[in-house]
Amino acid sequence: MPEGDTVWQAARRLHEALTGKALTLSDFRVPKYATVDLSGRRVLSTIPRGKHLLTRFEGGLTLHTHLRMEGAWKVFGTGERWRGGPAYQIRAILGTVDRTAVGYRLQVLELLRTTEEEQVVGHLGPDLLGPDWDPELALANVLADPARQLGEALLDQRNLAGIGNVYKSEMCFLLGVTPWLPAGALPADRAERLPGLAKRLLEANRDRPVRQTTGLHRHDLFVYGRASRPCLRCHTPVRVADQGDGTQERPTYWCPTCQTGPAPAAGSPQRWRDRYPRRTG
């Protein structure tokens, strides 16, 4: 599931493969840009901004993409078979003399003037992996609405950019509170820990192929994806339920013993167990 660390890795792959080279192939498989051809333009950079990717080209153009839940950028060498999904899921192809970047299942893809990038990322809060990171502002943003559920506040990219469902669940476990706790009810000592914890988790995983939050050899995550399995600390079965207004899939995992605060009534976890099978790690 793409979150800030995954997007950072994607940006690095694109940057290393394309930057400084002229495009020999440009193919956008969305109606709005089907006739656009960037061949001949040199790629200047690819940078991450929260969960957004900005690929800049000479001539003042930027390709803005967002992976959402299932998107991915894959980079292949000359003659290498493309692997990332069926051809009909490809939304963008950027090729140079020796590398080809293929965007699969991209939910957001738009070309804009580089000077207009703030129109698509200017609303974001401090980026956990970016040069604009500001822990005090991030915490103030999260606590600005004391009645809002902490999990929802952490997912709001306007508060701080880079956290998704996985880190939301893991952070709440490490803070010892449920994601349904009102942000204003978070104890002061744990609120003080929140920004640093978020940054450490994402920084620790931006260079890892498999996300890891536990520091344990056999288990990668404390609660996410572990519905009905024993908590790694207390052995109580981990629970899972939806969080939010139901317009998006927000599977949320927690330990009812290790985490204090409100939680959904029993019964709601079953539909998420059906949709999100158990992890092996």
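At 26% relative accessibility, Thr19 counts as partly exposed. In this predicted model, Thr19 is placed in the loop that runs between helix H1 and strand E1 (25-28). When neighbours within four places in sequence are left aside, the contacts of Thr19 are Leu14, Val43, Leu44, Ser45 and Thr46. A separation of 19 Å was computed between the C-alpha atoms of Thr19 and Gly130, which lie 111 residues apart along the chain.

The sheet is described next. Four strands make up an open sheet in the order E2-E3-E4-E8, and the pairing is antiparallel. Strand E2 (43-49) and strand E8 (108-113) are the edge strands, each of them pairing on one side only. From one strand to the next, the twist averages 20°. Helix H1 (residues 4-18) packs on this sheet and touches E2 and E3, and the direction of H1 makes about 175° with that of E2. In general, the strands of a sheet pair through backbone hydrogen bonds, in either a parallel or an antiparallel arrangement.

Strand E2 and strand E3 (residues 52-57) are joined by six bridges in the antiparallel sense. Within this pair, Ser45 stands opposite Arg56 in E3, and Arg49 stands opposite His52 in E3. Ser45 is also one of the residues in contact with Thr19. The two strands form a hairpin with two residues between them, and Gly50 in the turn has a positive phi of about 65°.

On the pairing of E3 with strand E4 (residues 61-66), six bridges were again found, in the antiparallel sense. Arg56 of E3 stands opposite Thr62 in E4, and Arg56 is likewise the residue in E3 that Ser45 faces. The hairpin of E3 and E4 has three residues between the strands, and Gly59 in this hairpin takes a positive phi near 95°. Five of the six residues of E3 are buried, so E3 is largely enclosed by the rest of the structure.

Eleven of the eleven residues of H5 are buried, so the helix is largely enclosed by the rest of the structure. The buried residues include the charged residues Lys168 and Glu170, along with Asn165, Val166, Tyr167, Ser169, Met171, Cys172, Phe173, Leu174 and Leu175. The elements against which the buried residues of H5 pack are H1, helix H4 (150-155), H6 and strand E10 (251-254). Just after H5, Gly176 takes a positive phi of about 80°.

The axes of H5 and helix H6 (residues 188-205) come within 10 Å and cross at roughly 135°. That angle makes H5 oblique to H6, and H5 passes H6 in a right-handed crossing. On the H5 side, the contact is made by Tyr167, Met171, Leu174 and Leu175. On the H6 side, it is made by Arg190, Arg193, Leu194, Leu197, Ala198, Leu201, Leu202 and Asn205. By class, the contact has nine nonpolar, one polar and two charged residues. In an α-helix, there are 3.6 residues a turn, so residues three or four places apart point the same way.

With a relative accessible area of 18%, Arg105 is buried. Ser228 has a phi near 75°, again a positive value in a residue other than glycine. The loop that holds Ser228 lies between H6 and strand E9 (239-242). At 27% relative accessibility, Ser228 counts as partly exposed.

Notes:
Residues are numbered from 1 along each chain as its sequence is written. This is a predicted model: local features need pLDDT of at least 70, side-chain atom pairs count only at pLDDT 80 or more; totals for chains, interfaces and linings use all residues. Side-chain values use heavy atoms; hydrogens and water are left out. Axes are lines fitted to C-alpha atoms, for helices over the stretch in contact, and angles run from 0 to 180 degrees between N-to-C directions. Angles under 35 degrees count as roughly parallel, over 145 as roughly antiparallel, 65 to 115 as roughly perpendicular and the rest as oblique. A crossing is left-handed if the near helix is turned anticlockwise from the far one by less than a right angle, and right-handed if clockwise. Contact means heavy atoms within 4.5 Å. Two strands pair if DSSP finds at least two bridges between them. Buried means under 20% relative accessible area, exposed over 50%, partly exposed in between (1.4 Å probe, protein chains only).
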